[in-house]
Amino acid sequence: MRGSLSLPIRSHLQKSSQPTKSVDELPAWKRQGTADTAQMKDDSGGEMKDDSFLIRVVQKRISEYTSYNQPESQEVATTAQDDVPRKASTNRQPDRPGAYSAAPGIELQRASTFVPSMIQSSSRNLLVEDDDEEAALSQPRLMREQILPTQPGAVAENGHNGDMTADNSTTEDSSSGLAVANLVQEDTMPRRDDLPRATDYNVESQELQREQRTKQFKTNVLLGVVVLVAVLMIVVAVAVPAKQSSNENSTQVSPGKEQTILPTAAPTLMSLEGRIKAVLPGDTLAALEKEGSPQAKAYQWLLDDAENLPLYTKERIQQKFVLATLYYTTSGDTWTKNTHWLNHSVHECDWFQKPDFGRKLTISKFYPGTFAGFLEPPPSSACDKDGRYQHLWLDSNNLVGSVPNELYMLKSLQTMSMGWNELKGSIASHIGQLTGLKGISLGNLLLTGTIPSAVGLLTNLEIISFRANQLSGFIPSAIWRLSNLKHLALGVQKLQGTLPAEIGALTKLERLIVDDCGLSGSLPTELGRAESLLALTLIDNGFTGNLPSEMGQLTALTSLLLTGNLLEGSLPTELGLATSLTKVFGGSNQFSGLPTEIGLLTTMMFFRLDDNLVSQSIPSELGLLTNLRDLKLQNTQFSGQIPSELGSLTSLGAMILANNTLSGTLPEELSFLQQSLHTMSLEGNPLLSGYVPSGLCDLNGTCIGNAFKQCYPPFGLSFDCTDLLCGCGCSCKDERSLRVG
């Protein structure tokens, strides 16, 4: 600021009032200054009244001082330059105020230009006593020591840098060659209000922000650790089972291929026994202790394969043990065929099997369509591509004994068929472990006990056949919840109970065979909801009541077998809507009517309503059933004339109308059946009259029997020869029954 140099100079001048040293004691340059001062006093009359005198003295002394000290100053500047780190000297710009300069002598420039200019600009404020020559002479020294430090980057008191190379900080006096400092104008000084203000520093706010940042940092670190631990756990969970699976797969022998990997050390008997026992349940381990038991034999058979046993997976050890136990339990040595069974050199997947499930090829001759679509074409091997046992087919192979519980350890099984053998015992609840089972056929055996409710756990089941055993009890309700079930055969048992309404939920059910198994009660109307039903066999039970009209909703139904029950009332007219029917057996019931809608069933091939209480005439609409092969209406109390429309049934092979109350003459149209009929029975109808049409006297039809040999003798025409009915060699006067054939 303006006049800023006046204070330090005045302070020094005040100090100069102390006793001074003699001229001889002063330094040379100071002695010279004293002499000059004395000379100046003489020139001015002994007094120095104004500032000009002081300024001239100072300027002269500074000039002399600068000339005297120039070499030394250059040396000092050079030394200072060497002492400054190179990085600092190169980064700081010499043209910037206060910057270091790498050029020698820069400090001399500062010393020679800054002080005179500053003194000149402040000369008005220098208050020096006239008689204080010592203070005046010592002023250059004062300025050099207090205002012009030789250190690089020294700063003057007015706030400016000591570097005077800037163009806007100095001007040069043309007369003296010295730089003259520019005066600072007060109107150019910035106002106080225009100066930038510092932002208030709130200690509490800063502390709070620091705590929040610290808390957030800790939270982020904790979250990162949790995520890292979770990732490591997932990696371990995936890697360990994969490694174990890889180790097991590396030792598995593919079916039909030899394993060439050799063990590093010969296994001990203890290790082999441990491998086998590790895969067996407690009941089986207990059976191993019984000498001569099938389980003990199977165990020893596995131990005999010591060369390959170490190479087998746990699953295959268990698989081989189960099959060996089955072999010993069912007297495998006496099987009809046991090719390759228990041969260590042949993979168990290649041991003998029957070619079809449940004797499908044979049964389809009796019941066409049985198991249709199931396993077509049949699998070429008992195992899948990984060697897991899936199909066990040993029907009609002379298996004698029982079904071992170990068989239910084969959890890979999809089908099991061992019917038509001499197997005893019961169906164990362990069957519920075979959750992959799709078909089970254990029919025509000697099984006893009840049907376990665990069967209801086999939700993949499509076929259940326990027919023709000695099972007892109720049908488990869980069976009616097997939504994938297509074939259910429980006939010829000692069961009890009724058909529940839940049967309507089996929308995939195609065949329900519950013949001769002791069921009773009325038929549920929900049967009409089993829309996929193809065959319904209810023969020889104790069902009562009317046949539900909802049966007409079963448009896919082809076979309706109701023989041997206590059903009553008329056949429902809605039955005419089940247009897929080819076989209706309603004999041995108490039906009392046959609707004319029966004529809508044009695909009908077998119609039997014998042994009922139908006291009506034969509907002429039966003549519309042109595909009919078998018509049996005997013992049914039909009355009236035989409809001539029956002469249109040119495919008919057997017409049984015996033991009714038919009357009138035989229609001549019946002669049209000569080429198809092989059996015609009219006996037991004493009211028939007239002549038998000549075309019926010599029937040329041939019985087309099926597997059940349903062509029963006597073949040909049979009627009662009376005074009313004669012909075909029968004299009308001869009252005896003749059989013409």
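This is a predicted model: local features need pLDDT of at least 70, side-chain atom pairs count only at pLDDT 80 or more; totals for chains, interfaces and linings use all residues.
## The chain as a whole

Let's start with the big picture. The protein chain carries 13 helices and 29 strands. It has 741 residues, and 43% of them count as buried. Take the contacts with a separation of 6 or more: residues 24 or more positions apart account for 56% of those.

## Helices α11 and α12

Two packed helices are described by the angle between their axes and the distance between the axes. Here the pair is α11, covering residues 294-303, and α12, covering residues 314-329; their axes sit 8 Å apart at an angle of about 130 degrees. The crossing of α11 past α12 is right-handed.

Which residues do the touching? On the α11 side they are Pro-294, Gln-295, Lys-297, Ala-298, Tyr-299, Trp-301 and Leu-302, and on the α12 side Ile-317, Lys-320, Phe-321, Ala-324, Thr-325, Tyr-328 and Thr-329. Sorted by class, the contact of α11 with α12 comes to nine nonpolar, three polar and two charged residues. As a reminder on helix geometry, an α-helix has 3.6 residues a turn, so residues three or four places apart point the same way.

## How enclosed is α11?

Seven of the 10 residues of α11 are buried, so the helix is largely enclosed by the rest of the structure. The buried ones are Gln-295, Ala-296, Ala-298, Tyr-299, Trp-301, Leu-302 and Leu-303.

Now for a residue on the other side of the contact. Thr-325 belongs to helix α12, and with a relative accessible area of 0% it is buried. Leaving out residues up to four places away in sequence, Thr-325 touches Pro-294, Gln-295 and Ala-298, along with Pro-404 and Glu-406. Pro-294, Gln-295 and Ala-298 are also among the α11 residues that meet α12.

The structure holds nine aromatic pairs. One of them joins Trp-335 and Trp-341, with 4.9 Å centre to centre and 80 degrees between the planes, which makes the pair edge-to-face. Both of these tryptophans are buried.

Trp-335 and Trp-341 also belong to an aromatic cluster, together with Trp-301, Tyr-327, Tyr-328 and Trp-351.

## Two buried loop residues

Gly-491 is in the loop between β10 (487-489) and β11 (494-496). At 0% relative accessibility, this glycine counts as buried. Its C-alpha atom is separated by 9.4 Å from that of Leu-512, 21 residues apart along the chain. Not counting residues up to four places away in sequence, Gly-491 touches Arg-467 and Ala-468, plus Ile-513, Val-514, Asp-515, Asp-516 and Cys-517.

Ser-676 has its place in the loop between β24 (661-665) and β25 (679-681). Is this serine buried or exposed? With 15% relative accessibility, Ser-676 counts as buried, because the cut-off is under 20%. Setting aside neighbours within four places in sequence, Ser-676 is in contact with Leu-649, Thr-650, Ser-651, Leu-652 and Gly-653, and with Gly-701 as well.

## Partly exposed loop residues

Ser-549 lies in the loop between β15 (542-546) and β16 (559-561). This serine counts as partly exposed at 33% relative accessibility. The C-alpha atoms of Ser-549 and Leu-571 are separated by 8.5 Å, with the two residues 22 residues apart along the chain. Pro-572 and Glu-574 are what Ser-549 touches, not counting residues up to four places away in sequence.

The loop between β21 (630-632) and β22 (639-640) is where you'll find Asn-635, and Gln-637 is in the loop between β21 and β22 too. Asn-635 has a positive phi of about 55 degrees although it is not a glycine. Gln-637, not a glycine either, has a positive phi of about 70 degrees. As for accessibility, Asn-635 is partly exposed at 31%, and Gln-637 is partly exposed with a relative accessible area of 41%.

Note on methods. Residues are numbered from 1 along each chain as its sequence is written. Side-chain values use heavy atoms; hydrogens and water are left out. Axes are lines fitted to C-alpha atoms, for helices over the stretch in contact, and angles run from 0 to 180 degrees between N-to-C directions. Helices (H or I, at least four residues) and strands (E, at least two) are DSSP runs, numbered from the N terminus. A crossing is left-handed if the near helix is turned anticlockwise from the far one by less than a right angle, and right-handed if clockwise. Contact means heavy atoms within 4.5 Å. Ala, Val, Leu, Ile, Met, Phe, Trp, Tyr, Cys and Pro count as nonpolar, Asp, Glu, Lys and Arg as charged, and the others, Gly among them, as polar. Rings of Phe, Tyr and Trp (its six-membered ring) pair if their centres lie within 6.5 Å; planes under 30 degrees apart count as stacked, over 60 as edge-to-face and the rest as tilted. Buried means under 20% relative accessible area, exposed over 50%, partly exposed in between (1.4 Å probe, protein chains only).
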